[in-house]
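Student: I am new to this one. Could you walk me through it with a few questions and answers?

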Amino acid sequence: MSEQKIDGFELKPGFKGMASDTGSDQTMFKGVHWGKAMMWIFLLSDTFVFSCFLISYMKGRGSTIVDWPNTSEVFSLYVGGVPVPLLLIAIMTFVLITSSGTMALAVKYGYEKNRKMCGWLILATAVGGLTFVGMQVFEWSKLIHEGVRPWGNPFGASQFGSFFFMITGFHGFHVSIGVIFLFIYTYKVFAGHYESKKRGWFTKMKGDYVEIEILGLYWHFVDLVWVFIFAFFYLW
Amino acid sequence: MSDEYNNNKSYQAQSSEVMDGSTGSVNPDIDYVRPAEVGEQDLYHGHSFIEKWVFCQDAKVIGVQYFLTAVFTGIVGLILSWLMRLQLGFPELAGFMTAEHYYQFVTMHGMIMVVYFLTALFLGGFGNYLIPLMVGARDMVFPYVNMLSFWMFFVAVAVLMASFFVPGGPTGAGWTLYPPQTILEGTPGSGMGILLMLISLSLFVIGFTMGGLNYMITILQARTRGMTLMRMPLTVWGIFTATVLAMLAFPALLVSAIMMTLDKVLQTSFFMPTILKAGEVLEYGGGSPILFQHLFWFFGHPEVYIVALPAFGIVSDLISVHARKNIFGYRMMVWAIVGIGGLSFFVWAHHMYVSGMNPWFGFFFATTTLIIAVPTAMKVYNWILTLWRGNIRINTVMLWCLGFIVTFVNGGITGIFLGNVSVDVPLSDTYFVIAHFHMVMGIAPLMVIMGAVYHWFPLVAGKMLHEGLGKWHFWITFLGAYSIYFPMHYLGFIGVPRRYFEMYDSPYMTSAVGMNEFISIAAFIVGAAQFILVFNIIKTLKTGKKAEQNPWKANSLEWYTSTVPPEHGNFGERLPVVHRWPYDFSVPGAKDDFIPQTTAPSEVIHTEVEKT
């Protein structure tokens with residue numbers, strides 16, 4: 001962004017730069033695509049959604065009268081008869097963080113107009129996301145088999161199941177939406193819509209590789225939220 | 001006039017931001033405005049009737065759609081308030097009404113007026129119509145998402161209205177929807193009613209988020225050449241800050257709605273404590289009802305300012321235009337709006353003084369609440385100083401503005417009462433609270449809406465509303481509103497509780513009955529008076545006189561479109577270039593008493609002042 005030239009405007013670094021950008025006409029974030037600015041602000045709003053969920057969870061967990069289940073037991077997998085705490089979650093987290101890496105590379109290749117590489121990397125990201133959701137389905141069904149329900153569970157406070165299914169469900173919903181869009185954009189990139197300036201199906205607008213970066217922002221955000229859910233739910 | 005003009009010195013009319021008059025020579029670059037950073041917006045013009053008027057992507061049409069839908073829900077809310085007043089004033093005439101009906105009407109009236117009427121009207125209606133025009137954009141930056149935003153709102157309204165027709169009727173838990181009673185049997189509408197309410201609120205939040213992103217990005221990233229943030233009309237500042245608040249406050253509403261839906265549908269216990277009902281322990285247990293109150297008011301208090309800040313902004317512009325004077329302390333006004341917006345996130349628990357919080361919390365929230373009075377008072381002083389020695393035109397618009405200032409001060413002062421814990425505790429849940437918030441966030445913003453309708457109707461429809469009818473409308477509403485809410489303060493002081501279906505044999509019975517009858521009669525009249533406006537609009541559309549372009553001689557860009565009413569794309573071939581703020585009224589030495597934002601400095605510099 002720093003090499004960008006804007007006619008009649010000098011991009012200054014630091015606080016001075018921020019002040020002059022804010023005081024200028026036309027745009028506040030110089031050279032930032034509308035869609036990109038929109039995604040950042042949407043993510044800020046979404047951060048508040050997840051914060052409300054997690055703060056409610058902390059309050060709920062802090063004020064139950066029944067003990068909270070021991071998470072390292074509840075979330076452990078048995079490998080050869082030995083319980084390994086957090087095994088599945090570790091794999092899930094690894095897959096999701098890796099998919100963030102492939103997403104970042106897809107953005108890079110997209111801006112380099114390397115259409116094939118970009119497409120394959122978005123596809124890899126989508127597959128990673130799908131794997132994550134699949135493992136989450138596995139985790140949910142395992143817990144449901146063990147008797148964990150939104151309204152109660154055999155291990156302790158009934159709020160455990162409530163918050164667990166609600167928050168991981170809401171996060172999983174975000175991942176699923178992301179996966180759907182990743183597949184759509186895989187198609188768009190491979191079909192060369194950005195080169196041919198084909199108009200969108202619904203919006204009737206022309207696209208650009210910046211859309212890959214916008215999708216990437218969303219994807220990194222979903223990963224970041226997972227890190228917090230991981231810390232607050234599985235490690236606490 | 002006064003001494004300043006006696007020294008025969010010639011004054012120069014200059015843009016407020018170009019002040020290099022020391023040499024007196026015309027700077028050749030004085031009209032320079034940086035070239036456009038962003039290319040022309042790619043607009044999709046609708047082809048069929050459906051694309052032009054139903055699923056339309058033009059922000060102006062979407063604004064009108066929002067406006068009409070919100071007004072429809074507002075009329076439903078008005079009818080509900082009539083039914084409530086009928087029961088309170090003349091219970092013998094309201095034999096058809098049970099206590100359950102009354103609670104349902106109270107609840108639906110509150111929710112409709114706050115969320116589906118005022119919020120949607122200011123942000124969806126005025127926001128959509130005015131933002132692109134005022135900042136000099138061709139349209140909102142994401143027209144398709146904007147269209148979805150309206151239709152999501154429309155579905156939310158449809159779901160809300162559907163709750164009137166489901167078994168058990170709409171929810172009767174009060175607009176605050178406090179658990180646990182909201183979803184327990186015995187509360188009216190605790191079955192389908194509350195479920196539809198929660199779904200409707202969630203849809204509203206989703207729809208609003210789509211609209212809100214549009215408003216914010218259009219203001220931040222799509223202003224025209226020369227339109228700096230500090231040259232934006234205060235209307236845009238108010239709507240912008242309110243949108244920021246909404247984007248950060250609505251998440252709390254969404255989360256609380258989701259959690260309560262789960263409590264209702266899946267028997268979770270997020271908000272539900274252990275409950276004994278007729279000797280039996282219910283399945284719920286271990287949840288926290290106070291958590292809901294915190295989440296709800298973390299949304300609910302910023303919501304007050306989501307309604308108030310656009311009103312502050314709009315009224316500033318109306319006062320400035322109709323007093324022919326620049327707004328006093330423009331920057332102070334901007335920072336006051338931003339400051340109020342910021343502070344509004346730190347005051348929510350002043351709605352919860354009687355909920356059993358730690359008393360130190362009350363102390364903290366009382367302090368932050370009273371601090372809000374500072375920027376708010378600054379704004380009131382600035383409105384009055386704008387009027388001071390202005391060339392005031394007492395037309396309908398100005399009347400509504402003056403009505404707003406008075407009403408807002410009134411409601412604001414009772415707010416200082418209620419912000420203090422020790423005063424609030426005895427007044428809590430009485431009619432004093434009802435009077436306070438109806439004055440400050442009901443009547444006051446409504447007056448601005450009315451003023452704004454009379455002000456911008458010539459732009460939207462190209463015809464002037466009838467002034468005489470407008471004045472009748474104003475005076476009946478103004479005097480009537482005070483007849484309704486002034487006595488309510490007194491009812492609160494003698495301890496009449498809010499939300500009660502009837503007063504039984506209470507000690508204040510005798511003095512309250514006559515007053516309730518008086519308030520009810522006033523409420524019927526004020527409600528009916530609103531249909532003067534409906535009549536006025538219909539009559540004007542049919543036979544009204546055609547408005548000239550810019551009938552109020554305003555400076556801001558929405559009056560300088562290529563056609564009136566503006567077409568899709570707003571400004572014709574070329575976007576306007578802005579050289580000044582929108583408040584250059586009555587500038588000494590200028591040819592007219594207004595200088596449009598598009599007037600270049602070289603066109604007005606060095607014009608001599610006529611000697612007075």
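Student: How are H4(A) and H5(A) oriented to each other?

Tutor: Happy to start there, and keep in mind that this is a predicted model. Helix H4 (residues 87-111) of chain A and helix H5 (residues 115-145) of chain A have axes that come within 8 Å and cross at roughly 160 degrees. Angles over 145 degrees count as roughly antiparallel. H4(A) and H5(A) are therefore roughly antiparallel.

Student: How many nonpolar residues are in the contact of H4(A) with H5(A)?

Tutor: In this pair, H4(A) passes H5(A) in a left-handed crossing. The residues of their contact include nine polar and one charged, and the nonpolar ones number 16.

Student: Which elements does chain A have, and in what order do they run?

Tutor: Chain A holds eight helices and two strands. Read from the N terminus, its elements run α-α-α-β-β-α-α-α-α-α.

Student: Which element gives the largest share of the side of chain A that touches chain B?

Tutor: Good one! Here 42 residues of chain A are in contact with 41 residues of chain B. Helix H1 (14-23), helix H2 (34-62) and helix H6 (159-190) of chain A each give two or more residues to that side. The largest share, 13 residues, comes from H2(A).

Student: What percentage of the residues in chain A is buried?

Tutor: Let's begin with the overall extent: the C-alpha atoms of chain A fill a box of roughly 65 × 40 × 30 Å along the principal axes. Chain A has 236 residues, and the buried share of them is 33%.

Key:
Residues numbered from 1 in each chain as written. Chains lettered and ligands numbered in written order. Predicted model: local features only at pLDDT ≥ 70, side-chain atom pairs only at ≥ 80, totals over all residues. Contact = placed C-beta atoms within 7 Å. Helix = DSSP H or I, 4+ residues; strand = E, 2+ residues; numbered from the N terminus. Axes fitted to C-alpha atoms, helices over the stretch in contact; angles between N-to-C directions. Parallel < 35°, antiparallel > 145°, perpendicular 65-115°, else oblique. Left-handed = near helix turned anticlockwise from the far one by under 90°. Nonpolar A, V, L, I, M, F, W, Y, C, P; charged D, E, K, R; others polar. Buried ≥ 20, exposed ≤ 12 C-beta atoms within 10 Å, placed from the backbone.
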